[in-house]
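This briefing concerns the arrangement of strands and helices in the structure shown below. Please keep the structure in view while reading.

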Amino acid sequence: REKAIEFYKRHYVPSGAILAIVGDVDAAKTLGLVKARFGGWKGEAGKAREIPALAPTKMTGRSVFVINKNDATQSQIRIGNVSVPRNSPDYFPLLVANSVLGGGFTSRLMDEIRVNRGLSYGARSAFTQLKAGGIFGVYTYTKNKTLRETIDVALEQLRKIRAEKVQDAELAKSKKYITGLFPFDIERNSDLAGWITDLTYYNLPLTFVENYCAEVDGVTAEDAQRVAQREMWLDDNLILLLTKYDETKDQLAGLGKIETIDIDQLK
(Lines give C-alpha, C1' and ligand atoms only; values in the text may rest on other atoms or scores of the structure.)
Protein backbone atom coordinates (compact mmCIF):
# COMPACT_ATOMS: atom_id res chain seq x y z
CA ARG A 1 0.00 0.00 0.00
CA GLU A 2 2.69 2.45 1.03
CA LYS A 3 4.82 1.61 -2.04
CA ALA A 4 1.88 2.15 -4.36
CA ILE A 5 1.14 5.51 -2.77
CA GLU A 6 4.76 6.66 -3.01
CA PHE A 7 5.07 5.53 -6.65
CA TYR A 8 1.85 7.29 -7.62
CA LYS A 9 2.86 10.49 -5.85
CA ARG A 10 6.20 10.56 -7.68
CA HIS A 11 4.77 9.89 -11.13
CA TYR A 12 1.38 11.54 -10.97
CA VAL A 13 2.23 14.79 -9.20
CA PRO A 14 1.56 16.94 -12.34
CA SER A 15 -2.17 16.52 -11.74
CA GLY A 16 -1.85 16.68 -7.97
CA ALA A 17 -3.57 13.34 -7.49
CA ILE A 18 -3.20 10.64 -4.84
CA LEU A 19 -3.91 6.95 -5.47
CA ALA A 20 -5.18 4.65 -2.73
CA ILE A 21 -5.87 0.96 -3.38
CA VAL A 22 -7.64 -1.02 -0.67
CA GLY A 23 -8.93 -4.56 -0.96
CA ASP A 24 -8.11 -8.25 -1.09
CA VAL A 25 -5.28 -7.79 -3.58
CA ASP A 26 -1.68 -8.91 -3.91
CA ALA A 27 0.48 -5.87 -3.11
CA ALA A 28 3.27 -6.79 -5.54
CA LYS A 29 0.88 -7.48 -8.44
CA THR A 30 -1.03 -4.30 -7.71
CA LEU A 31 2.14 -2.24 -7.73
CA GLY A 32 3.01 -3.84 -11.04
CA LEU A 33 -0.34 -2.79 -12.50
CA VAL A 34 0.20 0.75 -11.29
CA LYS A 35 3.62 0.85 -12.94
CA ALA A 36 2.20 -0.63 -16.15
CA ARG A 37 -0.56 1.95 -16.35
CA PHE A 38 1.32 5.03 -15.21
CA GLY A 39 5.04 4.21 -15.43
CA GLY A 40 5.27 5.52 -18.98
CA TRP A 41 4.18 8.99 -18.02
CA LYS A 42 7.13 11.33 -18.44
CA GLY A 43 7.89 14.94 -17.72
CA GLU A 44 8.84 17.11 -14.83
CA ALA A 45 6.57 16.99 -11.87
CA GLY A 46 4.52 20.13 -11.72
CA LYS A 47 4.88 22.30 -8.69
CA ALA A 48 1.87 22.01 -6.45
CA ARG A 49 -0.12 25.18 -6.05
CA GLU A 50 0.75 26.83 -2.79
CA ILE A 51 -2.18 27.80 -0.63
CA PRO A 52 -1.33 30.58 1.81
CA ALA A 53 -2.23 29.86 5.40
CA LEU A 54 -5.08 31.80 6.91
CA ALA A 55 -4.02 34.67 9.13
CA PRO A 56 -3.66 33.31 12.66
CA THR A 57 -5.46 36.32 14.11
CA LYS A 58 -9.14 35.71 14.57
CA MET A 59 -11.82 38.23 13.79
CA THR A 60 -11.84 40.55 16.77
CA GLY A 61 -15.03 41.87 18.27
CA ARG A 62 -18.50 40.68 17.45
CA SER A 63 -20.24 41.77 14.28
CA VAL A 64 -23.59 40.89 12.76
CA PHE A 65 -24.13 40.45 9.03
CA VAL A 66 -27.79 40.26 8.01
CA ILE A 67 -29.09 38.96 4.70
CA ASN A 68 -32.60 40.37 4.41
CA LYS A 69 -35.25 38.15 2.84
CA ASN A 70 -38.63 39.83 3.02
CA ASP A 71 -40.69 36.65 2.78
CA ALA A 72 -38.68 34.70 5.37
CA THR A 73 -40.75 33.19 8.17
CA GLN A 74 -37.72 31.52 9.76
CA SER A 75 -34.26 32.88 10.50
CA GLN A 76 -31.06 31.02 9.70
CA ILE A 77 -28.26 31.55 12.24
CA ARG A 78 -24.51 31.03 11.82
CA ILE A 79 -21.96 32.01 14.48
CA GLY A 80 -18.27 31.47 13.88
CA ASN A 81 -14.67 32.47 13.33
CA VAL A 82 -11.41 31.35 11.75
CA SER A 83 -9.95 28.18 13.22
CA VAL A 84 -7.20 25.59 12.81
CA PRO A 85 -6.19 23.43 9.82
CA ARG A 86 -6.76 19.69 9.48
CA ASN A 87 -3.30 18.73 10.72
CA SER A 88 -3.71 20.56 14.03
CA PRO A 89 -2.10 18.66 16.93
CA ASP A 90 -5.28 19.42 18.87
CA TYR A 91 -7.51 17.54 16.44
CA PHE A 92 -8.78 15.06 19.03
CA PRO A 93 -9.39 17.52 21.91
CA LEU A 94 -11.28 19.69 19.42
CA LEU A 95 -13.27 16.67 18.25
CA VAL A 96 -14.32 15.82 21.80
CA ALA A 97 -15.05 19.41 22.85
CA ASN A 98 -17.17 19.91 19.75
CA SER A 99 -19.05 16.67 20.41
CA VAL A 100 -19.99 17.98 23.84
CA LEU A 101 -21.07 21.36 22.50
CA GLY A 102 -22.88 20.49 19.30
CA GLY A 103 -21.52 17.42 17.57
CA GLY A 104 -24.36 15.01 18.17
CA PHE A 105 -28.05 14.60 18.86
CA THR A 106 -27.49 14.63 22.64
CA SER A 107 -25.13 17.63 22.59
CA ARG A 108 -25.65 20.75 24.68
CA LEU A 109 -26.82 22.89 21.77
CA MET A 110 -29.37 20.28 20.75
CA ASP A 111 -30.58 19.87 24.32
CA GLU A 112 -30.93 23.57 25.06
CA ILE A 113 -32.24 24.80 21.72
CA ARG A 114 -34.43 21.89 20.61
CA VAL A 115 -35.26 19.64 23.55
CA ASN A 116 -35.58 22.07 26.45
CA ARG A 117 -36.92 25.14 24.65
CA GLY A 118 -38.41 23.96 21.35
CA LEU A 119 -36.75 26.80 19.45
CA SER A 120 -35.61 24.69 16.49
CA TYR A 121 -35.58 21.17 15.12
CA GLY A 122 -31.80 21.25 14.87
CA ALA A 123 -28.69 22.90 16.29
CA ARG A 124 -25.09 21.86 15.89
CA SER A 125 -21.50 23.03 15.90
CA ALA A 126 -18.62 21.91 13.70
CA PHE A 127 -14.99 22.47 12.79
CA THR A 128 -14.32 22.62 9.06
CA GLN A 129 -10.60 21.94 8.80
CA LEU A 130 -8.74 22.33 5.52
CA LYS A 131 -5.08 22.45 4.52
CA ALA A 132 -4.47 26.17 4.99
CA GLY A 133 -6.80 26.73 7.93
CA GLY A 134 -10.38 26.24 8.93
CA ILE A 135 -13.48 27.65 10.54
CA PHE A 136 -15.53 26.88 13.61
CA GLY A 137 -19.24 27.51 13.48
CA VAL A 138 -22.55 27.11 15.29
CA TYR A 139 -25.48 26.35 12.97
CA THR A 140 -29.19 26.56 13.73
CA TYR A 141 -32.48 28.21 12.74
CA THR A 142 -35.69 29.31 14.39
CA LYS A 143 -38.91 31.27 13.96
CA ASN A 144 -38.38 34.97 13.40
CA LYS A 145 -39.93 35.89 16.72
CA THR A 146 -37.45 33.72 18.67
CA LEU A 147 -34.32 34.79 16.81
CA ARG A 148 -32.67 36.63 19.70
CA GLU A 149 -33.55 33.97 22.24
CA THR A 150 -31.92 31.32 20.08
CA ILE A 151 -28.78 33.40 19.56
CA ASP A 152 -28.53 34.05 23.30
CA VAL A 153 -28.87 30.36 24.11
CA ALA A 154 -26.13 29.48 21.63
CA LEU A 155 -23.81 32.16 23.03
CA GLU A 156 -24.48 30.96 26.55
CA GLN A 157 -23.40 27.45 25.59
CA LEU A 158 -20.22 28.85 24.07
CA ARG A 159 -19.58 30.74 27.30
CA LYS A 160 -20.21 27.67 29.41
CA ILE A 161 -17.92 25.27 27.56
CA ARG A 162 -15.14 27.83 27.79
CA ALA A 163 -15.65 28.71 31.45
CA GLU A 164 -16.38 25.30 33.01
CA LYS A 165 -14.69 21.93 32.75
CA VAL A 166 -16.83 19.19 31.27
CA GLN A 167 -18.01 16.81 33.96
CA ASP A 168 -16.70 13.24 33.87
CA ALA A 169 -20.00 11.62 32.92
CA GLU A 170 -20.64 13.99 30.02
CA LEU A 171 -17.05 13.66 28.82
CA ALA A 172 -17.25 9.86 28.90
CA LYS A 173 -20.56 9.90 27.04
CA SER A 174 -19.17 12.08 24.26
CA LYS A 175 -16.04 9.97 23.86
CA LYS A 176 -18.10 6.79 23.76
CA TYR A 177 -20.35 8.38 21.11
CA ILE A 178 -17.34 9.27 18.91
CA THR A 179 -15.58 5.92 19.23
CA GLY A 180 -18.85 4.03 18.79
CA LEU A 181 -19.46 5.67 15.42
CA PHE A 182 -15.91 5.37 14.15
CA PRO A 183 -16.16 1.72 12.97
CA PHE A 184 -18.79 2.85 10.46
CA ASP A 185 -16.26 5.34 9.05
CA ILE A 186 -13.84 2.53 8.15
CA GLU A 187 -16.34 -0.25 7.41
CA ARG A 188 -15.85 -0.47 3.64
CA ASN A 189 -12.76 -0.55 1.48
CA SER A 190 -13.88 2.71 -0.08
CA ASP A 191 -13.94 4.26 3.40
CA LEU A 192 -10.35 3.21 4.03
CA ALA A 193 -9.31 4.51 0.61
CA GLY A 194 -10.87 7.83 1.51
CA TRP A 195 -8.98 7.94 4.79
CA ILE A 196 -5.68 7.11 3.09
CA THR A 197 -6.06 9.85 0.50
CA ASP A 198 -7.11 12.40 3.11
CA LEU A 199 -4.26 11.55 5.46
CA THR A 200 -1.74 11.67 2.62
CA TYR A 201 -3.05 15.00 1.38
CA TYR A 202 -2.93 16.55 4.84
CA ASN A 203 0.51 15.08 5.63
CA LEU A 204 -0.76 12.92 8.47
CA PRO A 205 0.53 9.42 9.33
CA LEU A 206 -1.45 6.35 8.29
CA THR A 207 -1.39 5.32 11.96
CA PHE A 208 -3.96 8.08 12.53
CA VAL A 209 -6.72 5.55 11.82
CA GLU A 210 -5.22 2.83 14.01
CA ASN A 211 -4.78 5.20 16.95
CA TYR A 212 -8.08 7.05 16.50
CA CYS A 213 -10.07 5.54 19.37
CA ALA A 214 -7.14 5.59 21.78
CA GLU A 215 -6.53 9.27 21.03
CA VAL A 216 -10.19 10.07 21.68
CA ASP A 217 -10.17 8.15 24.95
CA GLY A 218 -7.06 10.03 26.05
CA VAL A 219 -8.69 13.48 25.89
CA THR A 220 -9.16 15.00 29.35
CA ALA A 221 -11.57 17.61 30.64
CA GLU A 222 -8.62 19.99 30.86
CA ASP A 223 -7.79 19.34 27.19
CA ALA A 224 -11.37 20.04 26.13
CA GLN A 225 -11.55 23.30 28.08
CA ARG A 226 -8.17 24.46 26.80
CA VAL A 227 -9.11 24.09 23.14
CA ALA A 228 -12.59 25.49 23.74
CA GLN A 229 -11.09 28.64 25.20
CA ARG A 230 -8.77 28.98 22.23
CA GLU A 231 -11.03 28.00 19.32
CA MET A 232 -14.67 28.40 20.40
CA TRP A 233 -14.80 32.15 20.64
CA LEU A 234 -17.55 34.02 22.42
CA ASP A 235 -17.04 37.76 22.01
CA ASP A 236 -15.02 37.61 18.78
CA ASN A 237 -17.39 36.13 16.24
CA LEU A 238 -19.27 36.87 13.08
CA ILE A 239 -23.00 36.28 13.49
CA LEU A 240 -24.50 35.68 10.05
CA LEU A 241 -28.27 35.81 9.76
CA LEU A 242 -30.74 35.25 6.97
CA THR A 243 -33.97 36.78 8.20
CA LYS A 244 -36.80 39.20 7.55
CA TYR A 245 -34.94 42.20 8.88
CA ASP A 246 -37.92 44.54 9.37
CA GLU A 247 -39.46 41.92 11.63
CA THR A 248 -36.37 40.97 13.61
CA LYS A 249 -34.11 44.03 13.71
CA ASP A 250 -35.31 45.13 17.17
CA GLN A 251 -34.08 41.81 18.57
CA LEU A 252 -30.49 42.44 17.50
CA ALA A 253 -29.65 45.35 19.77
CA GLY A 254 -26.41 44.91 21.68
CA LEU A 255 -25.06 41.99 19.66
CA GLY A 256 -22.50 44.07 17.76
CA LYS A 257 -22.09 46.23 14.70
CA ILE A 258 -24.79 45.36 12.17
CA GLU A 259 -24.37 45.30 8.41
CA THR A 260 -27.26 44.41 6.10
CA ILE A 261 -27.69 43.37 2.51
CA ASP A 262 -30.79 42.38 0.57
CA ILE A 263 -30.82 38.84 -0.75
CA ASP A 264 -31.48 40.18 -4.28
CA GLN A 265 -28.07 41.88 -4.17
CA LEU A 266 -26.24 38.60 -3.76
CA LYS A 267 -24.74 37.16 -6.89
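The model is predicted. Its six-stranded sheet is open, with mixed pairing and the strand order β3-β4-β2-β5-β1-β6. Helix α3 packs on this sheet, and the axes of α3 and helix α6 come within 9 Å.

**The sheet**

- The edges are formed by β3 (123-129) and β6 (257-262), each of which pairs on one side only.
- On average, neighbouring strands of the sheet are turned by 20° against each other, direction ignored.
- Six bridges join strand β1 (residues 63-68) to β6, and the pairing is in the parallel sense.
- F65 stands opposite E259, a residue in β6.

**Helix α3 on the sheet**

- Helix α3 comprises residues 91-102 and touches strands β3 and β4 (134-143).
- The direction of α3 makes about 165° with that of β3.

**Helix α3 against helix α6**

- The axis of α3 crosses that of α6 (residues 168-185) at roughly 110°.
- Because angles of 65 to 115 degrees count as roughly perpendicular, α3 is described as roughly perpendicular to α6.
- From α3, the contact is made by L95, V96, S99 and V100.
- From α6, E170, L171, S174, K175, Y177 and I178 take part in the contact.
- The residues of this contact of α3 with α6 divide into six nonpolar, two polar and two charged.

Methods. Residues numbered from 1 in each chain as written. Predicted model: local features only at pLDDT ≥ 70, side-chain atom pairs only at ≥ 80, totals over all residues. Heavy atoms only, no water. Pairing = 2+ DSSP bridges. Helix = DSSP H or I, 4+ residues; strand = E, 2+ residues; numbered from the N terminus. Axes fitted to C-alpha atoms, helices over the stretch in contact; angles between N-to-C directions. Contact = heavy atoms within 4.5 Å. Parallel < 35°, antiparallel > 145°, perpendicular 65-115°, else oblique. Nonpolar A, V, L, I, M, F, W, Y, C, P; charged D, E, K, R; others polar.
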